[in-house]
Amino acid sequence: NPTVQLAALIRFDAGEPVRTTVKVTDGAHSRDLTFDQSFDPTQGLPLLCMYQGRVHDIAVEVEFDDGSIAGPYQLQYETPMLPQDSLECPTIEIISSIPDALEPGYTFMTLWRRCPKRPMWMTKKQSDFLRKWGMIICIDPAGDIVWSYQTDKQLQGIVRLPNGNIFYHTEWFQSVEIDMLGNEVRKFHATSRLGNDVPDSVGID
């Protein structure tokens, strides 16, 4: 999915439900991921929060119901670089950080563009620059982007759902649920603002 660049899927068919352990290393970072039998490898096991422009060594180990283990199988994946134009992706610099005051894990935030004019005075190009772009990023404690999602709408807020998906709101009175691979799960819109002709969306009065 081009909307989410720092993610990958591992697919395989074990012939039965299995428990899968994945070790991901990129030379500077390392972590172990465990997928229980509720995850179907034929549908893909998601690898998230990887660093841009790095070669990731991936070791996959599979445990069957009888306790036997297959692997580890060695894979490799190189993540792309995010856009280097600051108008397409920001450069983040941490000025001050108090790690003890932070919740453990990563931090999500929404980004949107500004144009130094009042909306009524903008040209169409300036208005499109403002309103037809939005990004959600996830950063580690050092300020490095490890996940991003880009859309063609200005974003107004996000919520991380209990199922791990992201629910975001747009300036145009729409709300969208996506999974961490950027796939749309559900969409809602305000019928009083947008009418009833929004494709694949649930209208709300």
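Buried means under 20% relative accessible area, exposed over 50%, and partly exposed in between, computed with a 1.4 Å probe on protein chains only. The model is predicted, and local features need pLDDT of at least 70, side-chain atom pairs count only at pLDDT 80 or more, and totals for chains, interfaces and linings use all residues. Residues are numbered from 1 along each chain as its sequence is written, and side-chain values use heavy atoms, with hydrogens and water left out.

**View 1. Tyr 149 and Tyr 168 form a tilted aromatic pair.** Rings of Phe, Tyr and Trp (its six-membered ring) pair if their centres lie within 6.5 Å; planes under 30 degrees apart count as stacked, over 60 as edge-to-face and the rest as tilted. Here the centres are 5.7 Å apart, with 45° between the planes. Tyr 149 belongs to strand E9 and Tyr 168 to strand E11, so the pair ties together parts 19 residues apart in sequence. Strands (E, at least two residues) and helices (H or I, at least four) are DSSP runs numbered from the N terminus. Tyr 149 is buried because its relative accessible area is 4%; Tyr 168 is buried at 1%.

**View 2. Phe 167 and Phe 188 form an edge-to-face aromatic pair.** Phe 167 lies in strand E11 and Phe 188 in strand E13 (residues 184–190), 21 residues apart. Phe 167 counts as buried because its relative accessible area is 18%, and for Phe 188 the value is 19%.

**View 3. The largest nonpolar core has 17 residues.** Such a core is a set of buried Ala, Val, Leu, Ile, Met, Phe, Trp, Tyr and Cys residues joined through side-chain atoms within 4.5 Å. Among the residues with the most contacts inside this core are Leu 48, Ile 136 and Trp 147. E8, E9, E11 and strand E12 (174–178) each supply at least two of its residues, and the largest share, three residues, comes from E9.

**View 4. Asp 140 sits in the loop between strand E8 (134–139) and strand E9 (145–151).** The side chain of Asp 140 reaches the backbone nitrogen of Ala 142 at 2.9 Å.

Terms used:
Polar contact = N/O pair within 3.5 Å; in protein donor to acceptor, adjacent residues only side chain to side chain.
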